[in-house]
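Trainee: Could we go through this model together, with each term defined as we reach it?

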Amino acid sequence: MVAPRIGGPQVLELRDVDDPEPGSDDVIIDVARAGVNFADLLSISGRYAAAPPPPFIPGLEVSGTEAESGRAVMALVRSGGFAEKVAADKRFVFDAGGLDLSLAGGWPLVTTTAYCGLAEMARLRSGETVLVTAAAGGLGSTCVQVAKALGAGRVVGMASTAEKREFALRQGADDALGYEDPIPPVDVVLDGVGGTVFEQVLSAVRPLGRIVLFGASSGQMPQIPSFDALRRRNVGILPFSLGMLRSSDPDRLAELAAAAAGLLRSGRVAPRGRTFALVEAAQALAMLSSRQTMGKLLLAP
């Protein structure tokens, strides 16, 4: 699926293209599944700094088999996942032996993002309380699982409907709140919504607490308080971008992604997913944009 120009999901076109040419440090993967992420929406709309210029093939994570060895793998890719084959940097290709490849294509990006946010940015301590916004989404539900795997004492999910809150509870959340509900005191917040939701959760953070900002799916960037306001609260605000970390320090990201892959292989983290045919990529992205979905979305070439 090619994005020939900047626009919405409707610009995607199914095309026959040449097989990718691997660089000296790349492997070719025969794709079993490609994960669909909010970053793909940003990429095709020209709002994701790490995306290539059009025309390009979206898709930042895949599962499949190495073309040369037949080994089951999952991988983070810079782009190109929405295809039958993709070239992947060896540093970001991880063993997927024993994992369900029909689900694993939706795991590497969100699990690595959640791991970086919790283990590195927030430096989560055992027993701390974690609040996750959009806790029924692909990233949010994964954050719930990763927080539990890393020793959080209590995980609270926020979601807009009763159905989504029930989904968050099934992913391991200890409690689930609506956005209109009072928020208990928390130590760590993982927020990808922004706007007024960021303002709500900020008020609940204990002194010495941390808020990790993954993005602004609401379309409204978080309005970060002044230095003096944060100092009076003793609260840290920590923006994170996986794409920018990959650009600035790929070896460090590869190290962290390997640790995240270990959580997947251990079975302690296993995000739920729904699969579409590759030709339905635009439909899947439109559903993601409208926030109608729960868990990860995947494409099957």
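This is a predicted model: local features need pLDDT of at least 70, side-chain atom pairs count only at pLDDT 80 or more; totals for chains, interfaces and linings use all residues.

Mentor: Residues are numbered from 1 along each chain as its sequence is written, and side-chain values use heavy atoms, with hydrogens and water left out.

Trainee: What percentage of the residues in the protein chain is buried?

Mentor: A residue is buried under 20% relative accessible area, exposed over 50% and partly exposed in between, using a 1.4 Å probe and protein chains only. Of the 301 residues in the protein chain, the buried share is 52%.

Trainee: How many strands does the protein chain have?

Mentor: Helices (H or I, at least four residues) and strands (E, at least two) are DSSP runs, numbered from the N terminus. Besides 10 helices, the secondary structure of the chain holds strands numbering 13.

Trainee: Which helix gives the most to the lining of the largest cavity?

Mentor: On a 1 Å grid over the protein atoms alone, a cavity is a set of points where a 1.4 Å probe fits but cannot get out, a pocket is an open set with protein on both sides within 12 Å along at least five of seven lines, and lining residues have an atom within 4 Å of a point. Grid points are joined across faces, edges and corners, and a volume is the space filled by probe spheres set on the points. The largest cavity has a volume of about 100 Å³, and its lining includes Tyr48, Leu109, Leu242, Gly243 and Arg246. With three residues, the element that gives the most to this lining is helix α8 (residues 242–248).

Trainee: Which strand gives the most to the lining of the second largest pocket?

Mentor: That pocket holds about 590 Å³ of space and is lined by 29 residues, with Pro20, Ile57, Gly80, Ala83 and Lys85 lying nearest its centre. Contributing five residues, the element that gives the most to the lining is strand β4 (residues 85–89).

Trainee: Is Ser102 buried or partly exposed?

Mentor: Ser102 lies in helix α2 (residues 101–104) and, leaving aside residues up to four places away in sequence, touches Arg33, Thr275 and Leu298, where contact means heavy atoms within 4.5 Å. Because its relative accessible area is 25%, Ser102 is partly exposed.

Trainee: What is the phi of Asn234, in the loop between α7 and β11 (236–239)?

Mentor: Asn234 counts as partly exposed because its relative accessibility is 44%. Although Asn234 is not a glycine, its phi is positive, at about 55°.
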